[in-house]
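Colleague: I am new to this structure. Please take me through one part of it closely.

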Amino acid sequence: MNIDRLIQQRDSAEENASAIPPLDEWHPALCGDMNLSIHADGTWWHEGRPFARTKVARLLATLLRQDADGYCLVTPVERWRVQVEDLPLVAVEADFHDDAWWFTTQFDDVVRLDADHPLSVTLNSQGERVPQLPVRFGLAARLHRNVYYQLVEAAEARDVGNGVTEIGLISAGDWFALGQLDDDSTGEAP
């Protein structure tokens with residue numbers, strides 16, 4: 001995969017430089033593993049060093065999808081597997097408008113929290129329960145800690161029975177849980 005050639009091609013079409021290509025239509029054979037990893041904090045590393053140019057990571061993020069072979073960078077003629085510690089994207093901003101929560105990733109993907117892009121709580125690479133949001137082509141974004149706290153601040157509590165209270169919020173008319181509290185754990189500290 002020739003990164004410089006990809007950057008030149010993207011620069012020549014500057015107005016579409018952040019557009020996501022039709023990765024779901026490209027089906028080249030797997031070429032192998034690339035010495036590229038995406039750390040849990042969303043930083044991209046190549047050969048043991050973080051990317052010096054954000055522009056390169058942003059470009060490669062537009063070529064990333066998850067398929068049966070794992071996380072892969074895909075062009076019409078090549079497909080290279082990369083390593084991902086947790087999730088490849090991080091939601092770094094959240095805004096509420098038009099009756100919905102909108103999230104922006106570190107590479108400017110914008111996703112509306114709705115029935116097609118539901119929030120779920122899963123285990124991260126450290127074994128902690130943390131929310132994630134589907135973005136595109138099998139990729140999901142982990143919520144940055146600040147974004148999570150912003151949602152918790154806006155959340156409401158609902159009794160779901162059996163002594164359990166769910167903390168969550170409504171977006172696009174649907175309820176999305178951020179977590180649960182045992183009624184036993186909500187009492188005063190001794």
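Which residue in E6 does Val74 stand opposite?

Modeller: Val74 stands opposite Arg79 in E6. Some ground rules come before the details. This is a predicted model, in which local features need pLDDT of at least 70, side-chain atom pairs count only at pLDDT 80 or more, and totals for chains, interfaces and linings use all residues. Residues are numbered from 1 along each chain as its sequence is written, and side-chain values use heavy atoms, with hydrogens and water left out.

Now the strands around that pair. Strand E5 covers residues 70-74 and strand E6 covers residues 79-84. E5 and E6 run antiparallel, joined by three bridges. Strands here are DSSP runs of E with at least two residues, helices are runs of H or I with at least four, and both are numbered from the N terminus. Two strands count as paired if DSSP finds at least two bridges between them.

E5 and E6 belong to an open sheet of six strands. The order is E3-E2-E1-E6-E5-E4, and the pairing is mixed.

Helix H2 (residues 54-61) lies across strand E1 (32-38), strand E2 (44-46), E4 and E5. Contact means heavy atoms within 4.5 Å. H2 runs at about 100 degrees to E2. Axes are lines fitted to C-alpha atoms, for helices over the stretch in contact, with angles from 0 to 180 degrees between N-to-C directions.

Last, the wider setting. The protein chain has three helices and 15 strands. Another open sheet has six strands in the order E9-E8-E7-E12-E11-E10, with mixed pairing.
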